[in-house]
Structure formats: structure tokens, C-alpha cells
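Colleague: I would like to learn how to read salt bridges in a protein model. Could we go through one case together?

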Amino acid sequence: MKASELLLTRQSSPRLTTPAPTTEQLDFILNAAARVPDHGGLTPWEFIIAQDDGLTRLAEIFVSAAKKSQADEALIEKAEKMPFRAPLVITVVAKTQTHSKVPIIEQHIAAGCATMAMQQAVFSLGLGAVWRSGDFAFDRNVHQDLGLHDNDQIVGFLYIGTPTVTAPIKSLKEGRQFARFL
Ligand SMILES: Cc1cc2nc3c(=O)[nH]c(=O)nc-3n(C[C@H](O)[C@H](O)[C@H](O)COP(=O)(O)O)c2cc1C
């Protein structure tokens, strides 16, 4: 796929199934993530990969967090199914540090760029992905069970797999409507 086509047609695929990316494809996806702009070279990110048993572990973490927050039965049931909406889920964590030149927000942005780069890499492979967050991204119990530290923040769960349907490419939003010249 040409870069221009990727940039102008990328879109999310909310409905995903097997096959997941191969090992080589996963390496390509992770390498694309590590290629993003990174002020100070802090590499302020971590990618926690869940597939197979890992999806079950992620589901257990979501269910445990839902129970601890007194969620109702329906939400607990939903939490248990969430990770299985794709054969591969990458939890993207911004791992931030106090730095004299790189504010925390820039480290969050870099982790967000990494998420976007992974989605684009997935798309370029003819696979699909959707970036989700939701309450669990901000839930301290989820953070603890994933082994995160106080300064860490989940910027998203990137669900990756093969789209169940070939969705038509959505029409382009003209970028100029959001631009102004000084
Ligand atoms: C930080 C972030 C968090 C998001 N969280 C969710 C989410 O929890 N659920 C959801 O349906 N979409 C979420 N989205 C939006 C989707 O990833 C997607 O971009 C949106 O549905 C528009 O589709 P498109 O990517 O095909 O334009 C999130 C996007 C971003 C950037």
C-alpha cells in the first residue's frame, strides 16, 4: 500500500476475528510504534500484548476491577467478554517521568503516537484494528494487576485482528475545514 493511500484511507475496524498478526507482522507493528517522534528519546511507553491465555488474563483483570468498583452483573459479564473482541489486544501504557525538558503531556502524546502508528501498520498489512479506552484504562486496580507504576497511564487498548467484514472506506473529511492561516 502506498503511504498516501494509508494516510488518507486509514479507518478503524471494530469487528475483528482470527487470524491475528503473525509473529513477523507483530514485530513490524511494534517497530512502527517505536519509530514515532520521541522528545528526549525517553521511549515513554510499554506495549502489553495479550493473545490466547493473555486474553483470559486480561479478562480476569477487568472482571476483578469491575467487582471491586461494585459494578452490576451486566457490567461484570461485559468486562469478561471485552478482551475477546479481537485475537490480539495491545495495552499501550505511557510510562512517564519528571523531566526538565519533556513535560508529562508530551510523553502521553508520544505513547498516543505509538498507538496510532501501530494501527496504521496493522492497516497497511490488510488487517484491522480499533483503539479503545473506557473506564478500565483509568482504573487503578487494572493498573495494579498489570504491574503498572504510579506514573503510568494506559492510553488505550488496541484491538487487532482480521476484519469480519470488508467495510467501505469512509469518505474523507476535508482537512482544510479545521485549518486557518495566520
Ligand atoms: C484515545 C482514544 C480512545 C478511544 N476510545 C474509544 C472507545 O473506548 N470506544 C470506541 O468505540 N472508540 C474509541 N475511540 C475512537 C475509535 O478508535 C475510532 O477512532 C472512532 O470510532 C472513529 O473511527 P475511525 O478511526 O474509523 O475514524 C478512541 C479513540 C482515541 C484516540
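Modeller: What follows is a short walk through the salt bridges of this model, and then one arginine. Keep in mind that the model is predicted.

Colleague: What counts as a salt bridge, and how many salt bridges does the count come to?

Modeller: The general idea is a side-chain nitrogen of Lys or Arg within 4 Å of a carboxyl oxygen of Asp or Glu. By this rule there are three salt bridges here.

Colleague: Which residue forms a salt bridge with Glu-46?

Modeller: The partner is Lys-95, and the closest N and O atoms are 3.6 Å apart. Glu-46 belongs to strand β2 (residues 45–50) and Lys-95 to strand β3 (residues 88–95), so this pair links distant parts of the chain, 49 residues apart.

Colleague: Which side chain meets Asp-152 in a salt bridge?

Modeller: That of Lys-95, with 2.7 Å from N to O. This pair, too, links distant parts of the chain: Lys-95 is in strand β3 and Asp-152 in strand β5 (residues 152–163), 57 residues apart. Salt bridges with shared partners therefore join Glu-46, Lys-95 and Asp-152 into one network.

Colleague: Is Asp-152 buried or exposed?

Modeller: Buried means under 20% relative accessible area. Asp-152 counts as buried because its relative accessibility is 4%.

Colleague: Where do Glu-60 and Arg-57 lie?

Modeller: Both are in helix α3 (residues 53–68), three residues apart, which is about one turn of the helix. Glu-60 is partly exposed at 44% relative accessibility, and Arg-57 is partly exposed at 41%.

Colleague: Now the arginine. Where is Arg-140 found, and which residues does Arg-140 touch?

Modeller: Arg-140 is found in helix α6 (residues 140–145). Leaving aside residues up to four places away in sequence, Arg-140 touches His-149, Asp-150, Asp-152 and Gln-153. A polar contact of 3.3 Å also joins the side chains of Arg-140 and His-143. With 45% relative accessibility, Arg-140 counts as partly exposed.

Colleague: What separates the C-alpha atoms of Arg-140 and Gly-128?

Modeller: A distance of 29 Å, with the two residues 12 residues apart along the chain.

Technical notes
Residues are numbered from 1 along each chain as its sequence is written. This is a predicted model: local features need pLDDT of at least 70, side-chain atom pairs count only at pLDDT 80 or more; totals for chains, interfaces and linings use all residues. Side-chain values use heavy atoms; hydrogens and water are left out. Helices (H or I, at least four residues) and strands (E, at least two) are DSSP runs, numbered from the N terminus. Buried means under 20% relative accessible area, exposed over 50%, partly exposed in between (1.4 Å probe, protein chains only). Contact means heavy atoms within 4.5 Å. A polar contact is a pair of N or O atoms within 3.5 Å; within protein, one must be able to donate a hydrogen and the other to accept it, and residues adjacent in sequence count only if both atoms are side-chain atoms.
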